[in-house]
Amino acid sequence: MELTLEGLRDTARGAAVLGTGGGGDPYIGRLLVEQELKAGHRVEIIGVDELPDEALVLPSAMMGAPTVFVEKLPSGEGGRAALTALERRLGRRASATMPIECGGINSMMPLLLGAQLGLPIVDADGMGRAFPELQMETFNVYGVPGTPMSIAGDHGDTAIIETDDNVRMEWLARGLTIRMGGAAYICDYPMDAATVRRTAIPGTLSLCRTIGRALREARERHEDPFAALTATLADTIYTYGAVLFRGKVVDVERRTIEGFARGQVTLEGFDGGGTLVITFQNEHLVARLDGQVRAIVPDLICTLDSETAEPVTTESLRYGQRITVYTISTPPIMRSPAALAVFGPSAFGLTDPYVPVETLG
Amino acid sequence: MTRIERTLRIGIDVGGTNTDAVLMDGTAVLAEVKTSTTDDVTSGIVAALRGLASAREFAPGQIQAVMIGTTHFTNAIVEASRLTETAVIRLALPATRALPPMVDWPDRLRLAIGDHGYLCHGGHEFDGRVIAPIDPEEIKKVAADLHAKGVRSVAISSVFSPVSAEFEQLAADVLRAELPEVHISLSHEIGRIGLLERENATIINACLRDLADGIVDAFGTALQTVGIDAPLFLSQNDGTLMDVEYTRRYPVATFASGPTNSMRGAAFLSGLADCAVVDIGGTTTDVGVLARGFPRESATEVDLGGVRSNFRMPDVLSVGIGGGSRVRGTAVGPDSVGYELTRRALVFGGDTLTATDLAVAGGLAEIGDPGLVAHLDRSAVRATLARIARDVAEIVDRMRTSAAPLPVVVVGGGSILLPDELPGFPDVRRPDHFAVANAIGAAIAQVGGEVDRIFAIGVLTREEVLEHAKAEALDKAVAAGARPESAQIVEVDEVPIAYLPGNAVRIRVKAVGELEVARA
């Protein structure tokens, strides 16, 4: 399927929702892809079933601080340099790229690479949302080695990381990212299409586009965007989406600990609706209503503007905002015991057990 | 004969429709006038000044300073007219190549300023390391090209220039040596982190430079015409003043000074430094919040004429409720009869039910002929007025920054719509002279200086870094014209930067002081 300009904008909007408070603003990424489309290049998105088993897929992303990314805009060559370096290391050409993270700006980077190289993009990813670290991937959960991975900076400098531990891969890549100026471009989890089918969350780029389109159309028709979101999700593998809470921000507490923005936001409900506290580490981790867990990672906790349904990131939360907290369930592939060990509550130091959001409502 | 004391100030607000002016002696408002804004800048100001003189006689030599807030520059961008052809030089290669200058601009505005973008080597990393060295020969080539094309204004941006301004200054030096006549605007003096947004604000500033010269000269001519030789200042969007020379170089700083002046004027009239301000006009209600006497600034990107930018703007929420709002059933606005209020409203013998008619019927105001609205159903009128109050109160509640009680100051001609109490806000004040709060805001403005940069805490301690930032802000305030002994720090904001090592922290410090005015 070929992505249009409108489809791109819908995808970026939906990706911001799946950023669950983090993931970086897709704005810059969207602009990059728009430039390619306007130059006549094509963005072709293919289903996971459209490649032969042995076809090589090289997932791609940017890594680092969104705050750097909005200042040191990309040269546009980083993604290409990373992909070429990994192809060289593997001695094989890629048949396609794909996102490792469909939430936030990383929904856009594989689209850019695909447009530049004429490479199709597989409609799937390894996070199903946004997560802060490279090992927090279904690929890792289901046994795919993250390396050899490649990493490139805007000068075209590249490095290959090889390790048998995907957590150490994250640690080493983080160090190189800082040396490369705080933002870098990566290709990791090289795998064949059969492995993508086994380990990826399918259809997540389409999911972004569908969510973005639903919000846009609801706005155009002056309908309730949240109702539109719920109706749209019912037809996807995420199946369940619901408004958890409507309220006003009464307190925001944030600190930087070990390179992450950690903190919590407190919302007061309207008409005695209780108090909701959301704890975040870049992305939202757990929402507690009057002390009771009502949604917890990896299920999605989205903070959206109550009027426009525009996603509100953790950095831009501030006192007085009217926020609608919207929760989305994750598909079974993200909820197995192995998956929860990698990106469930305990992976973020939470002692609460995981309970599916749809059973807490 | 006694010496004439220069104790009077004149504040003028030039809006799209009206030009308001006030004559003030210290804290006393001696005279106020409303005149029509004219196409010819000078004559509108002259009319306002003569209006003041006829309302209250004064000798030109008594005027200490004239402060003007104007929408000229905002309108020029919105209309894409009267703009100077402008080039953009971005120091960044090899970074940023994929998104050249003006990439997300509306075609109309980009073409109106000539569409001259240049990408050159340079820029810094977040921690001050160099991305690529700047190449003076490369800048000279650009200069030659600009000379050939006859471009007269240049915006220069460099990656992470808020962290290191070195390359922008270097490029400006090279350019100035080659093209001494060219106007130069540097991004680190104008915006914050966020390259596209800061660069956009710098380009907007650059393309307004010739207009700024024209407007400032026209204001000067107007003062001369009426014999006033006092210094002239212009209002900035943060509620502080800039002098004429500064205005010529940084016209973009005038954007949104209208709402800012209105808020500052409201604070002054009510005597409150921390309050919410509700400005109700004919069509809309604007709500802002003052902290320590200055409007709280917007933290999000501001869209201007279709261009995304991050320059300093007051955080204002608007809703379509005003004195001229049409009323249908229980619905008020968002459409308004606007300037036709005195012809179309029921109380003036017209045929259109407006919010003003409800205020008269509900006993909140005595305007026109109350007999003409006597037939309206009392309980319906009360219910609709209560809804207006509730809607406005909700906007105010949304703007407040803490749960502490917040007084509300109401200004503008449409403020008669509100009762003396708003739901959740028992302390509502409606000061005298509320209709010209914006001109008063211009007259009482102070001067300020701001620092907004990412600092690495390591070699220097956090306290040392903060002291550096504060000293720099105070220096900037004094450079902008503040009396040194009156300058003080009014705002310190510290934001740790996620993902970055080395305890990088973004610090914003603002200093303000009383205007230094030469006494006669």
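Is F268(B) buried or exposed? In this predicted model, F268(B) is buried, because 23 other C-beta atoms lie within 10 Å and a count of 20 or more is the threshold for that class. The residue belongs to helix α9 of chain B, which runs over residues 257-270. When residues up to four places away in sequence are set aside, F268(B) touches I440(B) and I444(B).

The overall architecture of chain B was considered next. Chain B contains 14 helices and 23 strands. Its radius of gyration is 25 Å, close to the 24 Å that the globule rule gives for 520 residues, and chain B is therefore as compact as a globular protein of that length. Along the principal axes, the C-alpha trace of chain B spans about 80 × 60 × 45 Å. Buried residues make up 51% of the 520 residues of chain B. Among the contacts in chain B with a separation of 6 or more, 68% are between residues 24 or more positions apart.

Chain B is divided into four parts: domain 1 (1-78 + 210-255), domain 2 (84-207), domain 3 (317-436) and domain 4 (446-513). The centres of domain 1 and domain 2 of chain B, taken over C-alpha atoms, are separated by 33 Å. Five residues from domain 1 of chain B and five residues from domain 2 of chain B take part in the contact between them. On the domain 1 side of this contact in chain B, four residues are nonpolar, none is polar and one is charged.

Several backbone features of chain B lie in loops. A80(B), a residue other than glycine, has a positive phi near 50°. A80(B) is placed in the loop between α2 (72-79) and β5 of chain B. T96(B) occurs in the loop between β5 and α3 of chain B, and with 27 C-beta neighbours inside 10 Å it counts as buried. The loop between β5 (86-93) and α3 (107-112) of chain B also holds P94(B). The peptide bond joining L93(B) and P94(B) is cis, with omega about 10°.

A cis peptide bond is also found in chain A, where T147(A) is joined to P148(A) with omega about 5°. P148(A) is located in the loop between α6 (138-141) and β6 (149-152) of chain A.

Chain A is divided into domain 1 (5-202) and domain 2 (224-359). The centres of these domains of chain A, taken over C-alpha atoms, are separated by 25 Å. The contact between them involves 20 residues of domain 1 of chain A and 21 residues of domain 2 of chain A. On the domain 1 side of chain A, α1 (5-18) and α6 each supply at least two of the residues that touch domain 2. By class, that side of domain 1 of chain A has nine nonpolar, nine polar and two charged residues.

Helix α9 of chain A comprises the 17 residues 204-220. At 1.5 Å a residue this helix should span 24 Å, and its end C-alpha atoms are 24 Å apart, which agrees. The buried residues of α9(A) are T204(A), L205(A), L207(A), C208(A), R209(A), I211(A), G212(A), A214(A) and L215(A). Just after α9(A), H222(A) takes a positive phi of about 55°.

Strand β16 of chain A, residues 300-305, was examined in turn. Five of its six residues are buried, so β16(A) is largely enclosed by the rest of the structure. β16(A) pairs with strand β17 (residues 322-328) of chain A in the antiparallel sense, over six bridges. Within this pairing, T303(A) stands opposite V325(A) in β17(A).

Notes: Residues numbered from 1 in each chain as written. Chains lettered and ligands numbered in written order. Predicted model: local features only at pLDDT ≥ 70, side-chain atom pairs only at ≥ 80, totals over all residues. Helix = DSSP H or I, 4+ residues; strand = E, 2+ residues; numbered from the N terminus. Buried ≥ 20, exposed ≤ 12 C-beta atoms within 10 Å, placed from the backbone. Domains from an automatic or database assignment. Contact = placed C-beta atoms within 7 Å. Nonpolar A, V, L, I, M, F, W, Y, C, P; charged D, E, K, R; others polar. Rg over C-alpha atoms; globule rule 2.2 N^0.38 Å. Expected span 1.5 Å × (residues − 1). Pairing = 2+ DSSP bridges.
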